[in-house]
Amino acid sequence: MTKLLITIALCLVAFATRAQDDLLNLLGKDSTVEYTNASFKTTRVINGHSLESTAPGVLDVRINHRFGLISSGAVNAFGLDGPATIRIGFDYGISSRLMVGIGRSNFQKTVDGLVKYKVLRQCDQGCRMPLTLAVVASMSVNTQREQDLPWYSADRTDFYTNRISYNFQAIIGRKFSESISFQIMPGLVHRNLVSTESDKNDLLNIGGAGRCKLTKRLAINAEYFYVLPDQGARSQYQNSLSVGFDIETGGHVFQMFFTNSTGMFERSYIAETTNDFFKGDILYGFNISRVFTIHDPKKRAREKEEGGKKQ
Amino acid sequence: MIIVYRKNQLPNMKPLLLLLLVLPFTLCAQDRYATRTGEVSFFSATPIENIQAVNHKAASVFDAATGAVEFSLLMKGFEFEKSLMQEHFNENYMESGTWPKGVFKGKVQGITSDDLKKPGKHDVTVAGELTMHGVAQHLDLKGTVDMDAAGALTAACDFVVKPEDYKITIPGVVRGHIAEEIQVKVRLDLRKMQ
């Protein structure tokens, strides 16, 4: 009997000491919400939008450049001699969900503006959301002189609204792992004025884009926009295809790629690409993105909190 | 402690046994302090740039009876002034996708449960292991523990870590931006666990 009691007592002592080993488990599960970040290195995949948006209080300066056609041969330095198209743009993050941007391309002297809103955000921990859903609305305006417009005719009234086009897009994407992210972009391009009766003003399209991170700072991206068939006479137009690399350094992201689209705004690259990628009508291009922190919203929030505490 | 008695001289073992039975339950007595909102900050100073970040959601449990202390925080919880710095910290340096947490497990010397029954400030030493970026390093730290009249326990510790010790690779181009030794400050407001 005594031996039994001794055994039980010793077992209980052993049990009690082991129960103290993992103290942190006593706190229970951590329920802080952590949203997935850095699914793509920057807010554009190549031409099109990625599911990322600029962080709040941050200004992203974007310079896009496309050279001439590689198929123009050695005498034209395989496109490096031009003609080149450029776009200079500024994106600003208003909140963690909302971003606005403005830019100007030399191609058709187009000024464009955009708003991007993250409706759903993929969650790592603390909530159940397997994907990110963002919506983009953008508008582009051709600001060429009236006489230079492709549809100009002296005996016709030209309305300013003829120059305007819109793009509405939803981006549905997911970061599958540290290296792989993928998204699909169904959208609608609306052109106020089209060339002929057989062209459609509204074009439904669906895009797909993905990235694969090769090293911590190098990723490979690809993007394709497919305009749905039976939407007017589009035999001279091609779908936009781009493939390239993202290289990230301290404050810059350099994107270097091959694309068949000359323009850098949605109406142009989705609806009006004429170059055939597989016939060698490819343009080499690069995008540079540089972020500047204009103001730190967390600092403001903390200062408010500290001010409240002192009172 | 084996004392040999002849059979008819055995003392009454029953009181001793009862004590042994009760003892484990006294060991389970709650003398633990915990927090989920501990503050950990680090600071790197170089002539080129200063880097500073703070994490307000460190979880910690301290068992005053045994002196054991455990500490855990999410690397993604460190807030930087520049969000790009925060992204680089997680993506390129700490690789938070692979090793999301920093964990410290150690033992506090220089304080007993009785010390904590009344208000007062105590200097303590903590010996333990810090695991981050998948690498564990033994640390011997000095800190202070302050028990105030309201029963709240404040713990503070300042120490230094070297990125190389945790296999954090810093490219040569930016090596000058990050200090060789990073100053870490830990401030915890612990409350007694129910």
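Helices (H or I, at least four residues) and strands (E, at least two) here are DSSP runs, numbered from the N terminus. Counted that way, chain A comes to three helices and 14 strands, and chain B has two helices and nine strands. Keep in mind that this is a predicted model.

**Chain A as a whole**

- Along its principal axes, the C-alpha atoms of chain A fill a box of roughly 115 × 55 × 40 Å.
- Buried residues make up 35% of the 311 residues in chain A.
- Take the contacts in chain A between residues at least 6 apart in sequence, and 56% of them join residues at least 24 apart.

- Strand 3 of chain A covers residues 85-93, and its side chains alternate.
- Strand 2 (residues 58-69) of chain A pairs with strand 3 of chain A in the antiparallel sense, over eight bridges. In this part of the picture, R66(A) stands opposite T85(A) in strand 3.
- Strand 4 (residues 98-105) of chain A also pairs with strand 3 of chain A in the antiparallel sense, over seven bridges. Here G89(A) has G103(A) in strand 4 as its bridge partner.
- A hairpin of four residues takes the chain from strand 3 to strand 4 of chain A.

- The peptide bond from G82(A) to P83(A) is cis, with omega near 0°. P83(A) is found in the loop between strand 2 and strand 3 of chain A.
- Q108(A) isn't a glycine, yet it has a positive phi of about 60°. Look for Q108(A) in the loop between strand 4 and strand 5 (110-120) of chain A.
- K109(A) is in the loop between strand 4 and strand 5 of chain A too, and has a positive phi of about 45° although it is not a glycine.
- Q108(A) counts as buried because it has 21 other C-beta atoms within 10 Å, and the cut-off for buried is 20 or more.
- K109(A) has 15 C-beta neighbours inside 10 Å, so it counts as partly exposed.

**Chain B as a whole**

- Starting at the N terminus, the elements of chain B go α-β-β-β-β-α-β-β-β-β-β.
- Of the 194 residues in chain B, 22% are buried.
- Residues 24 or more positions apart account for 55% of the chain B contacts with a separation of 6 or more.

**Helix 2 of chain B**

- Helix 2 of chain B spans residues 83-93, with S83(B), L84(B), H88(B) and N90(B) buried.
- What do the buried residues of helix 2 of chain B pack against? They meet strand 2 and strand 14 (283-293) of chain A, together with strand 4 (79-80) of chain B.
- Just after helix 2 of chain B, E95(B) takes a positive phi of about 50°.

**Nonpolar cores**

- The largest nonpolar core has 29 residues, and those touching the most other members include Y33(B), F62(B), L73(B) and L190(B).
- Several strands of chain B each supply at least two residues of this core, among them strand 1 (32-45), strand 2 (50-63) and strand 9 (182-192).
- Apart from this core lies another, of eleven residues, including F40(A), V45(A), I46(A) and A209(A).

Note on methods
Residues numbered from 1 in each chain as written. Chains lettered and ligands numbered in written order. Predicted model: local features only at pLDDT ≥ 70, side-chain atom pairs only at ≥ 80, totals over all residues. Core = buried A, V, L, I, M, F, W, Y, C linked by C-beta atoms within 7 Å. Buried ≥ 20, exposed ≤ 12 C-beta atoms within 10 Å, placed from the backbone. Contact = placed C-beta atoms within 7 Å. Pairing = 2+ DSSP bridges.
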